[in-house]
Amino acid sequence: MSDTTRIDALTDVTGLRVGHARVPGALALSGTTVVLAPEGGAIAAVDVRGGGPGTRETDALDPRNLVQRIEAVVLTGGSAFGLDAASGVMAWLEEQGRGVPVGAPGQVVPVVPAACVFDLGRGGDWRARPDASTGRAAVVDAAGSALGAPVAMGTVGAGTGAVAGGLKGGIGTASVVVEGKAADGARITVAALVVVNAVGSVIDPLTGLLYGQHFTGANGGAERARPPSAAVHARAVRRLAEARAASGPAPLNTTLAVVATDATLTRAQAQKLAGTAHDGIARAVRPVHLLSDGDTVFALATEEVPLSHENPLAFNNVLAAGADVVTEAIVKAVLAAEGTSTPGGSFPSYGELYDIN
């Protein structure tokens, strides 16, 4: 992949598609995001570090177990109720004949790992949450998109009701190319998609910058961000405190991520990639992995580019890149999010607080 074709998104990993769906209703603030693998599936793994996770089918991803590849990953709002969105994705995959073969032709069981964020009641209606129809809408959206299509960010899909430390969170995505670590000298793509919905804060209290900007720059790129003025920062801190007070007790949360690569990985290597990608969350959210978080990272490998056998440590560069793109995706998610005020609370965006257009 050349830099001219890279769009800085999860879909830079060839074969991956992303779809979003939102729960309908005036008092609904939740949704679902689906990452759809190429037909035949992708190598997958997961690493769960939050103390309050809500997941489905994650045990199937243990390298010691049977399932080798999966067809989709579901990220959803609605807490444990929202995991029902995976049923809609599973039904759609079965209709396409995609899943683990278990009998005669067409008899398959799609394995659809899923993880949820807590956003119950943020729109005002506690029962407005994703279900199987939301999952189906998201996977249909993904399947209908072109390969390499841009990925909507901000207040969409599973990020619709996301909140980070009282600030409006959302969906972000980023990618990077790792040079010369493939067996044939080809470039390896590593990318991430993150749902930013954390108990901890994403804002450095000393500078007003996003924590992740100390590592990534203004927009998750090379250009370094400049701190806001002391006056702007002080006003933003005051406004955020007022919004938190108006929204009641601090809610439960969870940050979710999918980190992917086109490198050929073993399941054990994918497991390691999922684990080190959590470092990217820790750079951008503080504190992280609390009892009231359910922080979960999935790793996918589409096996397009073989790693170098001559240099077994080439995989280190993929691991480092995975953490980097997760941090970048978090920065982009927060900058893209749109603030909202509902009967369920007031959640200003970073852009509103710091007068960023």
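Ser79 counts as buried, at 17% relative accessibility, where buried means under 20% relative accessible area, exposed over 50%, and partly exposed in between, with a 1.4 Å probe and protein chains only. This residue lies in helix H1, residues 79-82, and has a positive phi of about 55° although it is not a glycine. The structure is a predicted model, in which local features need pLDDT of at least 70 and side-chain atom pairs count only at pLDDT 80 or more, while totals for chains, interfaces and linings use all residues. Residues are numbered from 1 along each chain as its sequence is written, and side-chain values use heavy atoms, with hydrogens and water left out.

**Salt bridges**

- Nine salt bridges are counted, a salt bridge being a side-chain nitrogen of Lys or Arg within 4 Å of a carboxyl oxygen of Asp or Glu.
- Asp47 and Arg49 are joined by one of these salt bridges, with 2.8 Å from N to O; Asp47 is buried, with a relative accessible area of 14%, whereas Arg49 is partly exposed, at 38%.
- Another salt bridge pairs Arg69 with Glu303, whose closest N and O atoms are 2.9 Å apart.
- This pair connects distant parts of the chain, 234 residues apart, with Arg69 in strand E5 (residues 69-70) and Glu303 in strand E15 (residues 296-305); helices (H or I, at least four residues) and strands (E, at least two) are DSSP runs, numbered from the N terminus.
- Both partners have intermediate accessibility by the definition above, since Arg69 counts as partly exposed at 37% and Glu303 is partly exposed with a relative accessible area of 27%.
- Arg6, Asp8 and Lys332 belong to one network, joined by salt bridges that share partners.
- Within that network, Arg6 forms a salt bridge with Asp8, and their closest N and O atoms are 3.4 Å apart; Arg6 itself is partly exposed, with a relative accessible area of 27%.

**Backbone geometry**

- The position of Asp355 is in the segment after helix H8 (350-353), and the residue is partly exposed, with a relative accessible area of 46%.
- Arg286 and Pro287 are joined by a cis peptide bond, for which omega is about -10°.
- Pro287 is placed in the loop between helix H6 (267-284) and E15, the strand that also contains Glu303.
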